[in-house]
Amino acid sequence: MTEKALRLGTRRSKLAMAQSGQVAEAVSQVTGRPVELVEITTYGDVSREHLAQIGGTGVFVAALREALARGEVDFAVHSLKDLPTTQPDELVVAAIPVREDPRDVVVARDALKLTDLPRGARIGTGSPRRMAQLNAYARSHGMDIETVPIRGNVDTRIGYVTKGDLDAVVLAAAGLNRVGRSEDVTDFLSVDTVLPAPGQGALAIECTADNAALIAELAELDDPLTRAAVTAERSLLAALEAGCSAPVGALADLLADGQIVKEMRLRGVVGTTDGSTLVQLSTTGPVPETHEAAMALGRELATGMLAQGAAGLMGERAQ
């Protein structure tokens, strides 16, 4: 008798389906059970409003979480950067697999790099975080650009460039890699130019807290170093009281001496979307061995950023 299939809740977008398909394969390998995808439409998928207006955080997550709570699916896959920083008690993130490339990338006309864009170039992005940092970079390098708010899936956004509506768009490298469109990238943005969103490039595999057997199986896909890094990044975000539509960038990376990982460096940035003011700070410490240590690293950096005026740069603070 074949074992009953596990039901994986996923959004319907091409990117969500691609990353859920990859997780389904991995889960099937560790559990020996077939995994079927259950497509769920979220508010973020059907609303035409800009993400910053509909509240940003959680708009892609709530419907998946409700399906989990109702027992319609056994587990769900989220882009970690979409998850609110407060975790509901009845659900648990059982695994955070090895992270994809966390960087942002440019897809520009005529294979241009960011620095080659002409004066007055129009660059599309739906992210206040990207706008703030791109505009700040342009100001400090004598570039003249206009950031244009856009929405839509990967294909739609790249379409703005191929149709000639925009000179370039900025997207997450991980998303393009997962949908097989990495050849469209014309420039990788160094994290020194644009810090990614907290948790960018990482996935969260979530299930109900009372399903001990499934939690144990999914835990085999967890990467402790990725988990420590994204926990520190999200702790920074939470301590700044900012949702995922706030202009906050964060990245924790590991500093190695040869093959031995010695320390974790956490960098954070917050700024006004016009790029006129940025608060950027970093802190370095031992690689966090516990959830609490990773959380403390994020809080420590947030305290320093708030002392430098970060709160006043974020517009409305998330309630």
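A salt bridge is a side-chain nitrogen of Lys or Arg within 4 Å of a carboxyl oxygen of Asp or Glu. By this rule, the predicted model holds 20 salt bridges.

One of them joins the side chains of D82 and R11, with 3.8 Å from N to O. D82 sits in the loop between β3 (75–79) and β4 (91–95), and R11 in the loop between β1 (6–10) and α1 (14–31), so the bridge ties together parts that are 71 residues apart in sequence. D82 counts as buried at 14% relative accessibility, and R11 counts as buried at 16%.

Another salt bridge pairs R109 with D167, whose closest N and O atoms are 2.6 Å apart. This pair also links distant parts of the chain, 58 residues apart: R109 is in the loop between β5 (104–108) and β6 (121–124), D167 in the loop between α5 (154–162) and β8 (168–172). Here R109 is partly exposed, at 30% relative accessibility, while D167 is buried, at 14%. Salt bridges also link K14, D155, R181 and D184 in a network.

The chain as a whole comes next. The protein has nine helices and 13 strands, and 52% of its 319 residues count as buried. Of the contacts with a separation of 6 or more, 71% are between residues 24 or more positions apart.

Just after α8, E241 takes a positive phi of about 55 degrees.

Notes. Residues are numbered from 1 along each chain as its sequence is written. This is a predicted model: local features need pLDDT of at least 70, side-chain atom pairs count only at pLDDT 80 or more; totals for chains, interfaces and linings use all residues. Side-chain values use heavy atoms; hydrogens and water are left out. Helices (H or I, at least four residues) and strands (E, at least two) are DSSP runs, numbered from the N terminus. Buried means under 20% relative accessible area, exposed over 50%, partly exposed in between (1.4 Å probe, protein chains only). Contact means heavy atoms within 4.5 Å.
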